[in-house]
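Good morning, colleagues. I would ask you to keep the sequence and the model open while I speak. I shall begin with a pocket and then turn to cavities, helices and loops.

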Amino acid sequence: MNRLRKVAWRRVAGLTVMVVCVVYAPVAITELWPYARPGAPAFGEWFLARAVSPRYVADAVATRIGPYRHSLAAMIVHSVLGGTLMLLGPVQLLSAVRRRIRLHRAMGVVFAITVYVSMAGAAVYLVRTAPGDAFSGAAFWIVLATILVGTVMSVTWGIFAAVGNFPDLHQRWMLLCYGYLMTAPLLRLEWGMLPWFFPGLSMADINRIAIMHLGSVVVFGALAASRAMDRRTTVSGVTGTWVPWPVLAVAHLAGAIALVWITGSALGWGAQGRRLLLAYLIPYAATYAVMFVRQRRAGRDGRSWAREEWRLHLAGLCLAPVLSAAAALLFERYLGLDPRTALSAGVAIGCGMLAFAATTVVSLRVMYGRELVKRERPGATRRAPQVSSTSA
């Protein structure tokens, strides 16, 4: 019965993601049309105007006309291809599940090329737009730049993993890449839903709240999908753990200290700081609880590989506040940002960057295990004749 429930939840989750992607595709494709031709249809603006208010949308559009004008062609390429990626993702997932290898490889090439071209359009916009001129300020500019780099690097490592005959690692990197891409539709959903909880705030303010947890949500979704598709209890050559309890305890302590500092800083900002802090801490705590319980349960059930992967990502999650605090200090010192903007940017990118680092460590773990197996096999072959001759 439990197994049937797990299968049902996996199907529901997969179907939900596919529906979101398919629905968002026309929103992304038409999002920049009104900036090129006023009055052109834009499904996203139409939805938000009815979900919140026309004024809510008009104010947000007015703040983006200037920055978009400098790189409108590149942004249209980015948004149109971004909508295309939303459609290619479900095709890739279904072809992989149904083991249609040729279709999966062909569409994978199309997917990778589309990612590179789409991200190139986004890079043009970021280069031509000063951080302070970006929508809702410099913190969002930094978040966009981080997502761009993470998306390009994850799809690149996914290609290398496929070429190197590491299908399990290829799957993880591509899911992480798609997780980064899913920040776009999820952000639009929050633009429409969060005003119900925070009435009267502008879209720029809603955007600042959303980026506090968007990175942690999408990378956790990629990890959960990876674990759902990997049913192995062990991996050849992978024994023990790279994160023993003393190391995990140090990560917890460092993360707790950083969280205390982040909390104290945010509480000094008044109502806005409390909103941003809750938007960060609640999803962070939920993600931590799931990871902690999963790695304990996997260890209790004897699924050493699942336990190791969950534990590596748990260590990364614990260290995310440390990275956020360090990044905030660097942003304030070297980019000239005010403490509030610097900390918001650091918090917004911490979980996403550490998830990338944890996936890198998982990949190294698997590759190191394969290398150990390769080294042991020739030794076993050489030792076999000696044993037989002695016996004879």
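How many nonpolar, polar and charged residues does the lining of the second largest pocket have, by class? The lining has 16 nonpolar, one polar and four charged residues. In this classification Ala, Val, Leu, Ile, Met, Phe, Trp, Tyr, Cys and Pro are nonpolar, Asp, Glu, Lys and Arg are charged, and the others, Gly among them, are polar.

Before I continue, a note on the source. This is a predicted model, in which local features need pLDDT of at least 70 and side-chain atom pairs count only at pLDDT 80 or more, while totals for chains, interfaces and linings use all residues. Residues are numbered from 1 along each chain as its sequence is written, and side-chain values use heavy atoms, with hydrogens and water left out.

On a 1 Å grid over the protein atoms alone, a cavity is a set of points where a 1.4 Å probe fits but cannot get out; a pocket is an open set with protein on both sides within 12 Å along at least five of seven lines; and lining residues have an atom within 4 Å of a point. Grid points are joined across faces, edges and corners, and a volume is the space filled by probe spheres set on the points.

The second largest pocket holds about 410 Å³ of space. Its lining consists of 21 residues, and Tyr24, Val27, Gly44, Phe47 and Arg188 lie nearest the centre. Two or more lining residues come from each of helix H1 (2–30), helix H3 (43–51), helix H4 (54–69) and helix H9 (183–197). H3 provides the largest share, six residues. Helices here are DSSP runs (H or I, at least four residues), numbered from the N terminus.

I turn to the cavities. The search of the whole structure finds five of 30 Å³ or more. The largest cavity has a volume of about 630 Å³. It is lined by 33 residues, with Met75, His78, Leu144, Ala184 and Arg188 nearest its centre. H1, H4, helix H5 (72–97), H6, H7, H8, H9 and helix H10 (203–229) each give two or more residues to that lining. By class, the lining of the largest cavity divides into 24 nonpolar, six polar and three charged residues.

The second largest cavity contains about 100 Å³ of space. Of its 14 lining residues, Val219, Met291, Leu317, Cys351 and Ala355 are the closest to the centre. H10, helix H12 (271–300), helix H13 (304–334) and helix H14 (339–391) give two or more residues each. The lining of the second largest cavity has ten nonpolar, four polar and no charged residues.

Next, helix H8. This helix covers residues 167–181, and its 15 residues reach 21 Å from first C-alpha to last, close to the 21 Å expected at 1.5 Å a residue. The expected span is 1.5 Å times one less than the number of residues. Twelve of the 15 residues in H8 are buried, where buried means under 20% relative accessible area, exposed over 50%, and partly exposed in between (1.4 Å probe, protein chains only). Among the buried residues of H8 are Trp173, Cys177 and Tyr180.

H8 and H9 pack at an angle of about 35°, with axes 5 Å apart. Axes are lines fitted to C-alpha atoms, for helices over the stretch in contact, and angles run from 0 to 180 degrees between N-to-C directions. Gly179, Tyr180 and Leu181 in H8 meet Thr183, Ala184 and Pro185 in H9, contact meaning heavy atoms within 4.5 Å. That contact has four nonpolar, two polar and no charged residues.

In H12, the 30 residues should span 44 Å, and the end C-alpha atoms are 43 Å apart, which agrees. Its buried residues include Tyr280, Pro283 and Met291. Glycine 302, which follows H12, has a positive phi near 80°.

Finally, two loop residues. Serine 136 lies between helix H6 (101–128) and helix H7 (138–163), and has a positive phi of about 65° although it is not a glycine. Serine 136 is buried, at 12% relative accessible area, and touches Ala204, Asn207 and Arg208, not counting residues up to four places away in sequence. Asparagine 165, in the loop between H7 and H8, also has a positive phi of about 65° without being a glycine. Is asparagine 165 buried or exposed? At 53% relative accessibility, asparagine 165 counts as exposed.
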